[in-house]
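Visitor: I'd like a close look at just one chain here. Could you walk me through how it is put together?

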Amino acid sequence: MTVAEDISADPAEPAHRRARVWPVRRMLLATLTTGIVILCVVPFLLVFAISFGRKIDGAAWVWDFTLENYQRFFVGILWPEEVTFLYLQQLGYSFYFAVIASLLAVATALPFTLLLTRLKRSAQAIWLVFIMSSLSLSEVFIVMGWDILLSNNSGLPKLFKETGLTQWLKDVGWFQQLRDWGLANPRNVKFKTSDFATILTMSYLVWPYAVILLYPALSRLDPSLNEAARTMGAGRWTVTRTVTLPSIRLPLFGTTLLLFVFLLGTYVSVTVFAAPNKHTTAVAIYANIRGANLNAPFGATQAIMLLLSASVCLYLGHLFNKRADAR
Amino acid sequence: MKALGTIYMALAALVLALPIVVVCGAALNSGRSMFFPPQDPTLARFGEFFVSEPVWTNALWNSVIVAVGAATLAVLLAWPIAYLLWSTGTKLSKTLAGLGSLPFAVPPIVFGVGLGFFWGFTGGLGDIWAGVISHAILLMALPLVTISIGLQSIDRSHLDAAATMGATEQVAFQTVVLPQTVPYTISGFFFVLVLSFNEFIVIFFVSASSYATVTLQIFNSLRNGYTPTMAVAAITFLVVSVLVFSAVARWGDLPRLMGADQSRK
């Protein structure tokens with residue numbers, strides 16, 4: 001057999017096989033595409049479509065094309081006679097909790113992850129198992145744990161009282177300060193309900209995510225850069241400030257943004273720990289769709305607004321990244 | 001300085017473990033209410049959770065069905081997409097991968113609301129199979145990522161070698177691609193399993209209160225006051241997570257899956 005024969009035989013054979021295999025492949029691909037589009041896209045389209053629907057008093061809702069729900073979201077249902085920013089305020093609280101909690105999580109996870117990447121590979125794996133386990137832990141469990149820790153009868157407040165810490169706080173006069181912050185009642189410290197408890201739990205919730213997201217970038221940091229800076233006489237803090245931080249600026253920013261977007265929709269922590277007047281859009285969405293209000297179209301509108309806010313933030317982050325890259 | 005670092009890591013571990021320890025301790029209470037430290041420790045709650053109380057045994061069973069079903073389905077959906085993306089890199093495969101990751105990328109409550117409507121129209125609302133599909137779609141992004149990492153780790157020269165030696169695409173797939181990606185597929189499966197076990201908000205919307213998984217049951221009990229049995233559920237889940245991730249770390253390469261630099265050991 002010559003080489004030429006070999007070559008000429010080669011293309012013919014796959015063509016023959018292709019004819020047999022392709023219809024099956026195509027059908028599989030078509031089914032897959034249809035399935036993915038229906039299940040991943042249609043639910044979002046439904047939310048969008050229903051956000052223009054209309055609620056019927058004492059019944060469910062009907063399809064419609066009204067902007068009433070959006071008007072209600074921004075200025076209230078009675079506008080222009082009466083204006084209320086209640087729903088915008090709820091969205092504001094969503095942002096408030098999410099921003100502080102994500103910043104806190106990243107700020108505390110950064111030194112930890114940096115230290116983690118300097119450990120031996122086997123030690124890293126053990127830490128990662130621990131972190132992944134706590135990452136996968138349901139929000140419900142986490143809230144339950146902090147609820148026990150922060151509740152007045154069994155948790156930290158009781159500890160404060162029994163150890164005399166409450167009395168000491170009263171003696172040195174800091175107790176009044178805690179009361180001003182809403183972290184104490186006349187008798188003892190209290191953490192439920194408070195912004196402190198909400199932010200603490202939310203930040204705890206995403207802390208493992210912060211570590212996991214920062215880990216790849218930090219583990220790729222070139223140690224020789226640090227060593228070079230150290231050799232040239234830079235102190236440890238100077239190295240961190242001038243070498244490490246600038247080189248991980250983008251992952252740092254990206255991580256904070258992702259955690260923030262994730263936290264925008266937090267439900268359980270807010271219902272349990274936040275004061276009712278500080279409840280967020282996520283809580284309102286539930287109340288409208290499955291809870292007491294039964295106003296699915298307005299719930300859908302709020303969900304769309306939440307999604308829109310998240311997308312705008314992600315897009316701005318993308319722009320920022322691009323500009324930083326270009327520089 | 002080194003000591004300071006160790007202290008910081010220990011402190012982080014302590015705070016991370018604190019609520020978990022408290023929940024575990026609370027499970028040992030003998031009475032009907034939660035105390036920490038536990039009063040009159042007993043293991044009776046474990047019996048209630050696994051054997052005697054139908055509310056919890058049903059919930060546990062539902063959780064297992066949803067998690068195992070969702071993990072299987074998610075892997076089955078993610079495999080062809082990841083394979084297409086890797087072998088052809090066509091626009092279609094990129095779009096499919098993007099759409100498949102979409103539900104995981106948006107705030108889960110929005111996807112939960114959407115699925116609630118979707119199953120309402122298609123008649124799956126409150127059925128457990130709808131819960132399985134919902135979780136599979138939500139978490140499909142995870143096996144998509146792990147399988148893609150696995151496929152990228154295949155040395156293309158092995159495929160060329162196989163092709164040179166006359167292996168058809170199918171044979172090369174079975175002898176080269178499949179064996180090398182098995183650990184990554186299993187990791188993806190387990191990630192979905194654990195996250196589905198612990199997922200709350202999406203299943204909250206699609207179950208429509210007609211069945212309860214363990215997380216839903218715990219949330220329901222949160223409103224009626226705590227019972228120590230809930231804490232047993234938390235322990236069970238935690239043990240499952242630790243076992244699963246230890247298995248992934250032992251047989252897969254967890255640092256690599258998490259994106260660690262390969263050149264350094």
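What percentage of the contacts in chain A with a separation of 6 or more comes from residues 24 or more positions apart?

Guide: That would be 69%, where a contact means two residues whose C-beta atoms, placed from the backbone, lie within 7 Å. Before going on, some ground rules: this is a predicted model, so local features need pLDDT of at least 70 and side-chain atom pairs count only at pLDDT 80 or more, while totals for chains, interfaces and linings use all residues. Residues are numbered from 1 along each chain as its sequence is written, with chains lettered from A and ligands numbered from 1 in the order in which they are written.

Now for the makeup: chain A has 15 helices and two strands, both being DSSP runs (H or I of at least four residues for helices, E of at least two for strands) numbered from the N terminus. Its radius of gyration, at 27 Å, is well over the 20 Å that the globule rule gives for 327 residues, so chain A is more spread out than a compact globule. That radius is taken over C-alpha atoms, and the rule is 2.2 Å times the number of residues to the power 0.38. Along its principal axes, the C-alpha trace of chain A spans about 100 × 70 × 40 Å.

As for domains, whose bounds come from an automatic or database assignment, chain A splits into domain 1 (3–50) and domain 2 (86–151 + 192–326). Taken over C-alpha atoms, the centres of these two domains of chain A are 39 Å apart.

Finally, burial: 40% of the 327 residues in chain A are buried, meaning that 20 or more other C-beta atoms, placed from the backbone, lie within 10 Å of the residue's own.

Terms used. A residue is buried if 20 or more other C-beta atoms lie within 10 Å of its own, exposed if 12 or fewer, and partly exposed in between; C-beta atoms are placed from the backbone.
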